[in-house]
Amino acid sequence: MTAANATVSAGFRSWLQRRRGVLLLAAALVLFPFVISILIDGQGVGAVLANDQGNARFLQGLAIEIFILALYAISYDLVLGITGLLSFGHAMFFAVGAYSFGILLKSFDIAWPVALLIVLVAALIQAVLFALVLPRVKGITFALVTLGLASVFWIVIQSSDLSDWAGAEIGLQGVQPPVWFLDTTNERFAFYLVTIAILIGVFMVYTRIVDSPAGKVLVAIRDNEDRALMLGYNTFWFKLLALTVASITAVLAGALHALHQPIVTPNVAGLGFTVTALLIILIGGVGTISGALVGAAVFRLLQFYLDKWFGGASDLLIGLAYVAIVLYLPFGIVGTWRAKAVQRRKGLDFVGSLVSGRKR
Amino acid sequence: MTLLAMRDVHTFIGQFHILEGVTLDVPEGEIVALLGRNGAGKTTTLKTAMGLTPARSGTITFDGVDISQRRSFDIASMGLGYVPENRAIFADLSVEENLRIAERQKGDFAKKEEFIFDLFPDLKRLIRLPGTNLSGGQQQMLAVARALVPDNRLLLIDEPSEGLAPVIIEHMMEAIRQLSDRSTVLLVEQNFIVASRLAQHYVIVEEGRTVQAGAMADLVDDEEAIKKYLGAA
């Protein structure tokens, strides 16, 4: 092996080591449908690959919903949790992706990569639109202006003038998968793998951003923007960066949503859907990034199973569950876990010092 | 040579006329104390120089360049460091991240590391700790240290002794004396004894106006002015 090869493989090994957690998670998610198929459905590996009916197929569908919610919530965590921008219009970021990708596939005869490119351009435009508001308004005013922007979009997509494209109040239906691996109906497992790959990729990019010097500036802006300014940072560009990355992530989530769901309703542009993102990162832990993944899973599973077991009473139980989470896990699941990790380490250090007899 | 000069500066915050004619000169390489009672406009003077509360009229020049209409981050990039009152650190960043974020060029921190940790040995021990876990005195040290990371020609330091224990005030004074070898300092200080021992020059503001300025040695003997403007003996 040459020296260059040795460094490459050493670099790869250290990368594997640093990313061990997320790679293990990815592997577990890939294996998950097979385990379900064998243990619960009593079918084999082939059933998953053949996309046969059963629990494995159904749970993949539910998992895809969770991944899409996680992508959406992770982008909100970058805006609100990391950078401290209180946006009430975040649902628009998602809805623009869902509607524009769906309409381009359904009503226009263009190749899906081109459609995706157009959607990404739309993502850039809406990020700039939100950013243009920033220098003028702060805090709750920014929240209201962004809510206004999203509401305009919410009204426009429901207008009867656009009903041929967007389907008015009913929503956008009949989006056909443009390529086999984006076909959630006939190629469920392939689509499942695609969403895992996107989620894991996005998660790695996000943790990289948050750990980078630019990420530290975003946290500094959240702590106190004036202090970041007086250190010489033109904070506008950093906020635009956060909004742009979040917008791109959210439109991707929206595009996947348009492929996965038989219908895209106008609800995904409403305030309620922004609150969904807020709830997810509150459950997972605001500003933790990985909390969005945990939060999305808890949110969707609670919603699904409480509804399945308790029917009409489920809304009340979901509400109680949120209250319990906020009361007993004030920093969310991941946030509280991390806060306790400091205590755990301190406790271990203390025990260690007792054992070794060293004074601390 | 005058590094920072403010001439008849007026600043409004909302509708309030806070600075009604501040004039001051900060000679390069010296420490100038900005004195006055609570609410006289000392902090606003620093914020105006820094562009955080921009001047409505008057001129502010830094090294001969008019900065009165520039934005904060531009002004900072010219070599002005600001240490605000109330331990203005980033609570969610670690001590090291607080210092590294102040880099204007890559390697600034590595270059200054030894000097900074000589001044504030405590910070070295706490380097991994989040800012929020530091004591008040440690946070104040970190705020001053952060302004030392880039090559700042002028440091604006607001009330470094406020709320600190006497022994830490001594330490802080010694640190400011040492860092003044490297850069010019405009110091806001309520504690007249601290100010008089550090600064070579003084400027007194009263109700947003400069009322008296000169050499610190003269002010120390001017009991009448001290009583009138500072309310201290």
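**Chain B, then a helix pair in chain A**

Modeller: Chain B has ten helices and ten strands (DSSP runs, H or I of at least four residues for helices and E of at least two for strands, numbered from the N terminus). Its radius of gyration, taken over C-alpha atoms, is 17 Å, close to the 17 Å that the globule rule gives for 233 residues, so chain B is as compact as a globular protein of that length; the rule is 2.2 Å times the number of residues to the power 0.38. This is a predicted model, where local features need pLDDT of at least 70, side-chain atom pairs count only at pLDDT 80 or more, and totals for chains, interfaces and linings use all residues. Residues are numbered from 1 along each chain as its sequence is written, while chains are lettered from A and ligands numbered from 1 in the order written. The C-alpha trace of chain B spans about 45 × 40 × 35 Å along its principal axes.

Now for the close look. In chain A, the axes of helix α4 (residues 55-82) and helix α14 (residues 290-310) come within 8 Å and cross at roughly 135 degrees. Residues making the contact (C-beta atoms, placed from the backbone, within 7 Å) include Leu62(A), Ile66(A) and Leu69(A) of α4(A), and Leu293(A), Phe299(A) and Phe304(A) of α14(A). Among the contributors are also Glu65(A) and Asp77(A) from α4(A), with Arg300(A) and Gly291(A) from α14(A). The residues of this contact divide into twelve nonpolar, two polar and three charged.

Note on methods
Axes fitted to C-alpha atoms, helices over the stretch in contact; angles between N-to-C directions. Contact = placed C-beta atoms within 7 Å. Nonpolar A, V, L, I, M, F, W, Y, C, P; charged D, E, K, R; others polar.
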